[in-house]
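The sequence and structure come first.

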Amino acid sequence: MDFVLGVNYWPRKKAMFWWKQFDEKEVWEEFSIIKELNLDVVRIFLLWEDFQPEIDKIDNRNMKNLEKVLDIAKELDLMVIPTFFIGHMSGINWLPEWLLEDIPHERFLTYSNGKIVDKRARDIYEDKKILKAEELLLDTVTSELRDFPNIYAWDISNEIDNVRIPRTPEVAKRWLKFVYETIKSNDPRPVTFGIHQEDIDRNKNFRVPDVAQYNDFLCMHAYSVYTDFTDPLDPYFVPFACILTKALGGKNVLMEEFGMPTTQDATKKIVSATGKDITEHYLINENEAAEWLKETLKLLYEFGTIGALYWNFSDYHESLWDKPPFDKAIHERFFGILRSDGSLKPTALALKEFKEKIPSLKRTEYVPINVPKNYYEKPKENLVKLYKEFLRKIGR
């Protein structure tokens with residue numbers, strides 16, 4: 001498949017409480033909507049405490065539920081990307097109690113065993129007991145699911161440096177090698193890793209050239225609405241983030257997360273939380289967001305990415321708004337291609353229309369960007385400089 005198109009998925013009425021309140025009928029109904037939009041891939045998340053409630057125990061009930069999800073996707077001809085070690089999601093960390101230590105996290109609160117706590121994860125990269133637990137989860141899931149034909153790729157994790165930053169780049173690289181080789185020992189299909197904008201605008205020790213050594217293709221999560229050096233409706237930043245990631249890592253790139261929170265009203269700023277910080281966030285008018293998406297998708301295709309997965313499937317139902325993270329992270333309620341009542345936004349139609357146009361589109365070769373060898377000495381400065389140079393080169 002030349003270019004895959006899809007969404008990141010949490011259920012509209014369940015969000016991150018999906019596995020605790022699993023409803024097979026709900027998955028069928030919502031995956032059917034995804035299929036009706038002519039999309040190819042659904043990225044899902046294995047919430048760590050739901051799949052590994054104890055350090056030496058995998059939850060059999062949720063393993064069976066995961067198989068049901070894959071069966072539904074198969075019947076609808078959808079590919080799936082299961083994501084391990086969740087971990088970080090929508091502004092807080094979701095972790096089992098056995099993984100926590102009594103030290104506050106510098107940026108994010110943690111949801112564990114039904115409540116918010118100000119604790120961080122133990123060392124998930126070097127602690128031998130934790131590594132053994134990770135190996136158990138990886139082995140169990142990949143060995144039991146290796147016969148499902150509709151797994152597009154295995155995703156190592158989601159922005160896991162927001163859970164804990166590895167002590168050094170060498171530690172990060174060693175951990176990636178361990179996870180990659182553990183997965184590959186059970187299943188030869190592609191392995192990737194959900195790195196994000198912060199891994200190209202700062203040094204969190206997951207450096208793209210290192211990540212690329214243990215990825216079959218690279219992923220990037222980028223949001224123009226979160227930049228401080230370009231307009232939130234700039235359609236070039238998200239494709240450029242892929243171009244830069246490919247230049248740094250030398251492998252093809254999937255834009256695994258991109259999108260923006262929307263409103264049916266005029267574009268505005270609201271007060272909302274990002275981790276422990278309360279700040280302002282944009283809500284973008286739905287129609288403006290759809291026009292941005294159309295142009296962004298076209299550029300992602302032209303610039304050679306292997307696909308794009310929108311964040312997110314749906315706005316979250318009002319019944320979730322008093323629960324973490326949506327009680328404080330107001331903007332996180334509104335990233336969907338569906339509204340909270342289940343109706344389609346203009347962005348949903350933009351995705352469907354673009355999928356239909358792909359056969360008529362052509363890839364375009366642009367002048368490659370020249371990434372300095374010492375990129376990670378000043379990543380933000382280099383990112384902004386390279387972006388400005390890129391825009392000049394393409395006449396923008």
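## A buried pair across strands

R43 and D155 form a salt bridge, with the closest N and O atoms 3.1 Å apart; the term means a side-chain nitrogen of Lys or Arg within 4 Å of a carboxyl oxygen of Asp or Glu. R43 lies in strand 2 (residues 41-47) and D155 in strand 10 (residues 154-158), so the pair ties together parts that are 112 residues apart in sequence. Helices (H or I, at least four residues) and strands (E, at least two) are DSSP runs, numbered from the N terminus.

R43 is buried, at a relative accessible area of 0%, and D155 is buried with a value of 0%. Buried means under 20% relative accessible area, exposed over 50%, and partly exposed in between (1.4 Å probe, protein chains only).

## Basis of the values

The model is predicted: local features need pLDDT of at least 70, side-chain atom pairs count only at pLDDT 80 or more, and totals for chains, interfaces and linings use all residues. Residues are numbered from 1 along each chain as its sequence is written, and side-chain values use heavy atoms, with hydrogens and water left out.

## Other salt bridges

In total, the structure holds 34 salt bridges. One of them joins the side chains of K20 and D50 at 2.7 Å, N to O. K20 lies in the loop between strand 1 (4-8) and helix 1 (24-36), and D50 in helix 2 (residues 48-51), so this pair ties together parts that are 30 residues apart in sequence. K20 is partly exposed, with a relative accessible area of 37%, whereas D50 is buried at 6%.

E126 and R174 form another salt bridge, their closest N and O atoms being 3.6 Å apart. This pair links distant parts of the chain, 48 residues apart: E126 is in the loop between strand 9 (120-121) and helix 4 (128-145), and R174 is in helix 5 (residues 169-184). E126 is partly exposed, with a relative accessible area of 25%. Elsewhere, salt bridges that share partners join R107, D161, E198, D201, R202 and K204 into one network.

## Cysteines

How many disulfides does the structure hold? The count is zero, a disulfide being a pair of cysteine sulfur atoms within 2.5 Å. C219 is in no disulfide, and the nearest cysteine sulfur, that of C242, is 9.0 Å away. Seen from C242, the closest cysteine sulfur is in C219, and the 9.0 Å separation is too far for a bond.

C219 is buried, with a relative accessible area of 0%. C242 is also buried, with a value of 3%.
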